[in-house]
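The model is shown first, and the description follows.

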Amino acid sequence: MSPLLQYFADELRIARESAGMTQEQLATCAYVSKSTIAMVETCQRPPKKDLTTALDSTFDTEGRFERMREALLKAEVAPEWFLPWRDREREATALRSYHSGLVEGLLQAPDYIRAVLRADASLTDDDVDQRVAARLERQSILAVENPPMLIAVVDEATLRRPVGGPQVMHAQCRYLLEASQRPRTLIQVIPLSAGMHPGLDGPFVIASFDGAGEAVYLDGQRGFIVDRPEVISAVKASWETLRAEALSQRQSADLIAEVAESWISNDS
């Protein structure tokens, strides 16, 4: 049992009983079923955002239930092995990312995220909803006043891989084009014509920190962080080769737009 989920359930029950409300009465105020309230109070279901918003409104708790939900998401959704990198990611002043199988997580559209997660048959609908919300929350580092510089290199093959179907891929390509309009986000594509290149060995991210050096995240089924100078130097050398193989920012945007339209035209 998750301690945070248990804490949320206890706080909800205490707030409801202090207000002299039954589960049915609270359900009516929150526009959910009685069974939803019962399941959340017994830790059988994690809370969703629409519920926590309604709870804060009903109990006049000024966002407390929503903050608890966000804390629950941050603590429980990401795999344990990813948590150290998520913290590093938030501290970084620059991120240089290369992905070949899937789009970089910081640039994934909601339906694309959902399609990726659906590949794991062990996840329930609620699990998927929570993880989509968590990944989108992770992307919020790019929307702050002074975001890290993100340079993302992606293979053209990634854009042409049918994750979730034509409509999902069209939306994902448009999502990339929108992201590329941000002042500190640069997206470049390695065309299929480049053939063999160092990035085919696997995805990675190089994070730079203000006055605190660099770290590398080697992605895969279970990613891990590397701080050793010789590894960082080798990955940076691969990065420079990949940048040399990639199209310019303008050419990349044109190719992404072309691929986006191909998903629609091929589907019609």
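## Overall architecture

Helices (H or I, at least four residues) and strands (E, at least two) are DSSP runs, numbered from the N terminus. On this basis, the secondary structure of the protein chain comes to twelve helices and six strands. This is a predicted model, in which local features need pLDDT of at least 70 and side-chain atom pairs count only at pLDDT 80 or more, while totals for chains, interfaces and linings use all residues. Residues are numbered from 1 along each chain as its sequence is written, and side-chain values use heavy atoms, with hydrogens and water left out.

The C-alpha trace of the protein chain spans about 65 × 50 × 35 Å along its principal axes. Of the 268 residues, 45% are buried, where buried means under 20% relative accessible area, exposed over 50%, and partly exposed in between (1.4 Å probe, protein chains only).

## Domains and annotation

The protein chain is divided into domain 1 (3-77) and domain 2 (80-265), with bounds that come from an automatic or database domain assignment. The centres of the two domains, taken over C-alpha atoms, are separated by 34 Å. Arg 16 is found in helix α1 (residues 3-18) and counts as buried because its relative accessibility is 9%.

An unreviewed UniProt entry carries the annotation "domain: HTH cro/C1-type" for residues 12-51; such positions are given in the numbering used here, feature names are shortened, and annotations may be inferred rather than shown by experiment. Residues 12-51 are 65% helix and 0% strand, and the end C-alpha atoms of the span lie 11 Å apart.

## Positive phi angles among the helices

Most residues other than glycine have a negative phi. Tyr 31, which is not a glycine, has a positive phi of about 60°. Tyr 31 lies in the loop between α2 (23-30) and α3 (34-41), and counts as exposed because its relative accessibility is 77%.

Glu 62 is likewise not a glycine and has a positive phi of about 55°. The loop between α4 (49-59) and α5 (64-76) holds Glu 62, which is exposed because its relative accessible area is 69%. Within α4, the buried residues include Leu 51, Ala 54, Leu 55 and Phe 59. Asp 60 follows α4 and has a positive phi near 55°.

Strand β1 (residues 94-99) is largely enclosed by the rest of the structure, because six of its six residues are buried. Both faces are covered, with Ala 94, Arg 96 and Tyr 98 on one side and Leu 95, Ser 97 and His 99 on the other.

Two strands pair if DSSP finds at least two bridges between them. Six bridges join β1 to strand β2 (residues 149-155), and these strands run parallel; Tyr 98 has Val 153 of β2 as its bridge partner. Five bridges join β1 to strand β4 (residues 204-208) in an antiparallel arrangement. Across this pairing, Arg 96 has Ile 206 as its bridge partner, and Leu 95 stands opposite Ala 207.

Strand β4 is mostly covered, with five of its five residues buried. Phe 204, Ile 206 and Ser 208 point one way, and Val 205 and Ala 207 point the other way.

Five bridges also join β4 to strand β5 (residues 214-218), and these two strands run antiparallel. Ala 207 stands opposite Ala 215 in β5. β4 and β5 form a hairpin with five residues between them, and Gly 211 in the turn has a positive phi of about 75°.

On a 1 Å grid over the protein atoms alone, a cavity is a set of points where a 1.4 Å probe fits but cannot get out; lining residues have an atom within 4 Å of a point. Grid points are joined across faces, edges and corners, and a volume is the space filled by probe spheres set on the points. By this rule there is one cavity of 30 Å³ or more, and the largest cavity holds about 60 Å³ of space.

The lining of the largest cavity consists of Ser 97, Tyr 98, His 99, Val 103, Glu 104, Leu 107, Ala 152, Val 153, Val 154 and Leu 176. β1 and β2 each supply at least two residues of this lining. By class, the lining residues are seven nonpolar, two polar and one charged, where Ala, Val, Leu, Ile, Met, Phe, Trp, Tyr, Cys and Pro count as nonpolar, Asp, Glu, Lys and Arg as charged, and the others, Gly among them, as polar.

Conventions: 1 Å grid on protein atoms, 1.4 Å probe; cavity = no way out; pocket = protein on both sides within 12 Å on 5 of 7 lines; lining within 4 Å.
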